[in-house]
Amino acid sequence: MQRGSDRLSVHRDDEMKHELQGLLRSGHPTRTEEWHDPEPTADDDPEIAGGPVAPGRSGAPLEAVRLELSRHLSRSAFPASARHLAGALRRAYAPDTLVEAVERLPHKNQYGTVQELAEAVTRPGPE
């Protein structure tokens, strides 16, 4: 017998596990009424908390850009030129600001890792 300050009984806990089982296995909402589900964000919604990470924005840290690049590029994409990597980002549906930042890099340079690419993208360019 379990002792402690549990808010629910063992039976209610089992009921709740059974109720959530469909949601956990399916990976999507299992409710029949749509109004219970939260609405997805729209394209014209205002940006929240700075919005997506974009290298062109002021103060985009190297770590955040590297994380965003690694979300869309696999290890097999490297080593490659900026043109090849920009194409891979477009095929992975990366944000346009990220793709445009990679396209602005010199096409003759080869990048061996996500770290090298992120450093090149966040490096301040000549103005």
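Trainee: Is Arg90 buried, partly exposed or exposed?
Mentor: Arg90 counts as partly exposed, at 41% relative accessibility. Buried means under 20% relative accessible area, exposed means over 50%, and partly exposed is in between, with a 1.4 Å probe and protein chains only.

Trainee: What kind of model is this?
Mentor: This is a predicted model, where local features need pLDDT of at least 70, side-chain atom pairs count only at pLDDT 80 or more, and totals for chains, interfaces and linings use all residues. Residues are numbered from 1 along each chain as its sequence is written, and side-chain values use heavy atoms, with hydrogens and water left out.

Trainee: What does the chain average in pLDDT?
Mentor: The average is 77, and 65% of the residues score at least 70. pLDDT is the predictor's confidence in each residue, from 0 to 100.

Trainee: What counts as a salt bridge?
Mentor: A side-chain nitrogen of Lys or Arg within 4 Å of a carboxyl oxygen of Asp or Glu. Side chains of opposite charge can pair when their charged atoms come close.

Trainee: How many salt bridges does the structure hold?
Mentor: Five. One of them joins Glu68 and Arg71, whose closest N and O atoms are 3.1 Å apart. These two are three residues apart in helix H2, which means a separation of about one helical turn.

Trainee: Are Glu68 and Arg71 buried or exposed?
Mentor: Glu68 counts as buried at 10% relative accessibility, whereas Arg71 is exposed at 55%.

Trainee: What about Asp13 and Lys17, how far apart are they in helix H1?
Mentor: Four residues, so about one helical turn separates them. Their side chains meet in a salt bridge, at 4.0 Å from N to O. Asp13 is partly exposed, with a relative accessible area of 35%, and Lys17 is exposed, with 54%.

Trainee: New topic. Which residues of helix H4 are buried?
Mentor: In H4 (residues 96–103), the buried ones are Leu98, Val99, Ala101 and Val102. Seen down the axis of H4, they fall within an arc of 160 degrees, so they line one face of the helix. The arc is that of the directions from the helix axis to the C-beta atoms.

Trainee: What do the buried residues of H4 pack against?
Mentor: Helix H2 (62–72), helix H3 (82–91) and helix H5 (114–122). Contact means heavy atoms within 4.5 Å.

Trainee: And what share of the chain is buried?
Mentor: Buried residues make up 23% of the 127 residues.
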